[in-house]
Amino acid sequence: MAELKARLQSDLTSAIKGRETVRAGALRMALAAITTEEVSGKAARELSDDEVLKVLAREVKKRKEAAEAFAGAGRTEQAELERAESSVLESYLPAQLDDAGLAALVDEAVAEVAAQLGEQPGQRQMGQVMKAVNAKVAGRAEGGRVAAAVKAKLAS
């Protein structure tokens, strides 16, 4: 079993024993999403820690979007619950890159792609640059932020 999944399960047990309802609810939903991912497809399989991190990142994003929707509809209590669940799940994700760190990784990736192509990449090579950057970022930055940083670098 993936180390992270085992940690989530043990933390869920301690949250239930400690009567931490928000934490327990968030961990239950995350474990349910992980289990769903494991049994999706043609054959059931065990997820690696990297795959579990991707599922957790997706769940955090869902919680943030739901919180915005609830806040926009005037349901502040529900929005706060979603934000609290999001922060619980974020504690299991690796630390997010700051803008300077992300820019440095984008610069590296652009240099690598330029070395492969023999010329400075432009907007047409954004896919190649994104592939290189995403390999380096490995879940430490949201896809939209990465795409915006790459687009800005290629435009300059």
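View 1. Lys-153 and Asp-107 form a salt bridge, with the closest N and O atoms 3.3 Å apart. Lys-153 sits in helix 7 and Asp-107 in helix 5, so this pair ties together parts that are 46 residues apart in sequence. The term salt bridge stands for a side-chain nitrogen of Lys or Arg within 4 Å of a carboxyl oxygen of Asp or Glu. Side chains of opposite charge can pair when their charged atoms come close.

Before moving on, a word on how to read these views. Residues are numbered from 1 along each chain as its sequence is written, and side-chain values use heavy atoms, with hydrogens and water left out. As this is a predicted model, local features need pLDDT of at least 70 and side-chain atom pairs count only at pLDDT 80 or more, while totals for chains, interfaces and linings use all residues.

**View 2. The whole chain, for orientation.** You will find seven helices and zero strands in the chain, in the order α-α-α-α-α-α-α along the sequence. The chain has a radius of gyration of 19 Å, well over the 15 Å that the globule rule gives for 156 residues, so it is more spread out than a compact globule. That radius is taken over C-alpha atoms, and the globule rule is 2.2 Å times the number of residues to the power 0.38. Helices (H or I, at least four residues) and strands (E, at least two) are DSSP runs, numbered from the N terminus. The C-alpha trace spans about 60 × 40 × 30 Å along its principal axes. Of the 156 residues in the chain, 34% are buried. Among contacts (heavy atoms within 4.5 Å) with a separation of 6 or more, 58% join residues 24 or more positions apart.

**View 3. Helix 7 and its buried side.** With 13 residues, helix 7 reaches 18 Å from its first C-alpha to its last, close to the 18 Å expected at 1.5 Å a residue. The expected span is 1.5 Å times one less than the number of residues in the helix. Which residues of helix 7 are buried? They are Val-146, Val-150 and Leu-154. These residues cover an arc of only 60 degrees around the axis, which puts them on the same side of helix 7. The arc is that of the directions from the helix axis to the C-beta atoms. Helix 5 and helix 6 are among the elements that cover these buried residues.

View 4. Buried residues in helix 6 are Met-126, Val-129, Met-130, Ala-132, Val-133 and Val-137. Their arc covers only 165 degrees around the axis, which puts them on the same side of helix 6. They pack against helix 5 (99-117) and helix 7 (143-155). The twelve residues of helix 6 (residues 126-137) should span 16 Å at 1.5 Å a residue, and its end C-alpha atoms are 16 Å apart, which agrees. Look just after helix 6 for Ala-138, which takes a positive phi of about 50 degrees.

**View 5. Helix 4 and the elements that cover it.** Helix 4 buries Ala-79, Glu-82, Glu-85, Ser-86, Val-88 and Leu-89. Their cover includes helix 2 (21-39) and helix 3 (49-72).

View 6. Salt bridges link Glu-59, Lys-62, Arg-63 and Glu-85 in a network. Within it, the side chains of Lys-62 and Glu-59 meet at 3.2 Å, N to O. Being three residues apart in helix 3, Lys-62 and Glu-59 are separated by about one helical turn. Glu-59 counts as buried at 5% relative accessibility, whereas Lys-62 counts as partly exposed at 44%.

**View 7. Arg-23 meets Asp-11.** The structure holds 13 salt bridges, and one of them joins Arg-23 and Asp-11, whose closest N and O atoms are 4.0 Å apart. Arg-23 lies in helix 2 and Asp-11 in helix 1 (residues 3-17), so the pair ties together parts that are twelve residues apart in sequence. Are these two buried or partly exposed? Arg-23 counts as partly exposed at 25% relative accessibility, while Asp-11 is buried, with a relative accessible area of 18%.

Terms used
Buried < 20%, exposed > 50% of the residue type's maximum accessible area, 1.4 Å probe, protein only.
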